[in-house]
Every structure is written in C-alpha cells, then in structure tokens.
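Here are a few notes from a read through this model. Have the structure open while you go through them.

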Amino acid sequence: MASTYDVIVVGLGGMGSAAACHLAARGRRVLGLERFGPAHSQGSSHGGSRIYRQAYFEDPAYVPLLLRARELWQKLAVDSGREVFTETGGLVIGREDSAAFAGTLRSARQFGLEHEVLTAADIRRRFPTFTPAAEDVAFHERRAGVARPEATVTAHLELAQAHGAELHFAERVVGWEADGPGGRAWVVTDRGCYTAERLVFAPGAWAPKLLSGLGVKVSVERQVMYWFQPEGGTGPFTADHHPVYIWEDPDGTQIYGFPALDGPDGGAKVAFFRKGVPSDPDTLDREIHPEEIEAMAAYLRPRIPSLPGRFLKGAACMYSNTPDEHFVLARHPGHPQVIVACGFSGHGFKFVPVIGEIVADLATEGTTDHPISLFDPRRVRV
C-alpha cells in the first residue's frame, strides 16, 4: 500500500527545502525525498556562499522576485535563528558595453534601484584589492550580499519539520507517474511507494534523468569553486572592505567572488562563471586538478593581485542549464498536478526563498501572483 500525502517534494536542496518549508507552513501534509543527506555537498547547494544581487543583467523580469527573496531571507533568519544572509555590497565590473554592466544598469534604472556607477579610479580608491583597467567601470549596489547555502537549506529543513513535514534522506526516486488531469501522482523509491495530490520536482542536476518528458533540455556542467589565502592575510578581504563581485572581460569571460567570510584561515572564494564541462551528476569528477588551480590563479593575478597567494581548497558543483539560461518554474505541461522547479542555470540560489513560496502557490492554488511567465517550459522546445 502506498503512503498518502498532500504533496510530495522530490529533492531537498535549495529549492526543494524551501518548497517543503512553505508547503508545511500552510498546513499541507508534506513528504520530502532526498537521495543524499541534509544540506549535502553532492549537488548545487553547497560551497559556503552564493551572491545575492537585485539589479539583474540576465533579465529585468527577475527583479521583483529578488526583492521578495530579500524579504523572505530576513524572515528566514528570524524564524530559524541562523545566519543565512549577510549584506556586503556588490560590484559588477567591466566595460560600459559589457553584457553584465550594461544589463545591470538597465535593470536598476527600470526599477529605480539604489546604485552608483564608479570609474576605474573610483574602484581602486574605494576597493584597493581590485586593479581594473583604465577603461573599466563598475556598478555598485549597496544591498548586494552573500547567501549561505548550507545554512539556508538547513534552516528550511528544520522549519519544514517543525511544521510537520516528513523528510526522508538517503532515499532515491526511481520512477514516478501521474494519473489523468486532476488525478493523483505516484512516486517509487528504492525504499517504498508514495502517492499525493500534488508532486513537486526540485531535482537539481538530476532533472534530465527524472524529467525527460518535460520538453526542455536541461544540460549539466561541472563547475569549480576555489578558495585562496591572500598574500598578507585576509584583512583587506573581509566583508567590511571587500564586496561580492562579478567581473566581465571584453572577451565575455566572467569571474565572480566573495569576501573572506570564515575567519583569517578560511581564505576568499572565487570562480569562473559558465566555464564548465558537460558532466553526469552520478559520475561527476570531484577532484580539483593542478592545471585548473593555476588557470584560476593566473587569471586573478593582474586583476586582484594579492588574492591567489596560496591555494587552500576547491570544490566541484554543477550548473543545470536550459538553452536560454532561464529557469523552469511552472506546472508540468502534461501533468497539471506536477510542479517543476529546475534548470536554474548557475544563477538560481539567490531566489531560493521566493522559489519556495511560488512552488507552494502553484501546489496549493494552481497559480501565483509572482511574475513567472519567463519560466514556462513551453517557451522553448529543445
């Protein structure tokens, strides 16, 4: 006999944990299924830090969601007692016509977001860890900051359980099906069978294997995060001196990075953006290779000269990319009782709290007041 619930959530990483929390808080009987442990390091919601920013070069349509995400992060911090978000300020550095700078400025002006535009001389004076080229400019956003992925996931899981959610870890989903429109959904795992009125998929990099009939190709890339101990120590890189940042070169290469957040011995984190290789999440190469470390260090030396002083550690994670790099967040086109949240394409974690709210809306009301038409899977068929 299948155990019965109001909603089953498959995947309890960033998006799934938030969905389980919001659904349970609304009084739904929730089952959460996770193939690994709580707040694990095998997917895309780990590594200690993620950038939060409000002026969004990817598309101005994201901005209202980011404003709501900030409110929900503040609420999560109060409700959980955990440090899930830190405001540090943020920079987007590049030429005036770069995609990152120009797009960020456009969205800020469209929504009236507080910001400053800095010249290269301004950047060097105010943030002396950076050495921009004379032609570089920067968009400075005071309200940007750092979201803590492991703390955020843990907080959502704890609150979900406090609201009565049943969470199963180390339980892998091996199949699912949905009855006709308005019918129930069924999930089979390596430990049992479950049924619910609504089924939520937030499977991260396992979306291609679990959602092959979605109609949107989700490809998985291996990405590497690096932590370096700066020459002379982390003092100039602490959060009160050194903001989060995105830096785009004229050839389109982007890096992103963070202040030193974890004490004098924790170093500062940096990574390339969208410079990964296609991968399978079940066989991901988790070793960080010497040539990768040197490539990152060589890129940093002319831009942040003291940062690549000494390599401390690295970690591999995954981007789950859609063809247009926008999310998939909607009811399944073929199964209205199934809600899908996947394909977050390397820029999704800053939305985690509001994604949970939207998923809960879709599962309980069938619709949401949040603007999510950009994320309809029917927008693209690849």
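1. Strand S15 (residues 254-257) is covered on both faces. Gln-254 and Tyr-256 are buried on one side, with Ile-255 and Gly-257 buried on the other. Bear in mind that this is a predicted model.

2. What does S15 pair with? One partner is strand S14 (residues 244-248), running antiparallel to S15 and joined to it by four bridges. If you want a spot to look at, Trp-247 sits opposite Ile-255 in S15.

3. The hairpin of S14 and S15 has five residues between the strands. Check Gly-252 there: its phi is positive, near 95 degrees.

4. S15 also pairs with strand S16 (residues 268-273), again in the antiparallel sense and over four bridges. Here Gly-257, one of the buried residues of S15, stands opposite Val-270 in S16.

5. Now the packing. The largest nonpolar core has 71 residues, and Trp-73 and Phe-351 are the ones that touch the most other members. Helix H8 (residues 352-364) gives the most to this core, with eight residues. Another core, of 32 residues, lies apart from it, and includes Val-220, Val-224, Phe-228 and Ile-293. As a general matter, nonpolar side chains in soluble globular proteins tend to be buried together.

6. Which residues does Trp-73 contact, leaving aside its neighbours within four places in sequence? Tyr-52, Val-84, Phe-85, Ala-147 and Thr-152 are on the list, and so is the run Phe-349, Lys-350, Phe-351, Val-352 and Pro-353. Phe-351, then, is in contact with Trp-73.

Methods. Residues numbered from 1 in each chain as written. Predicted model: local features only at pLDDT ≥ 70, side-chain atom pairs only at ≥ 80, totals over all residues. Heavy atoms only, no water. Core = buried A, V, L, I, M, F, W, Y, C linked by side-chain atoms within 4.5 Å. Buried < 20%, exposed > 50% of the residue type's maximum accessible area, 1.4 Å probe, protein only. Helix = DSSP H or I, 4+ residues; strand = E, 2+ residues; numbered from the N terminus. Contact = heavy atoms within 4.5 Å. Pairing = 2+ DSSP bridges.
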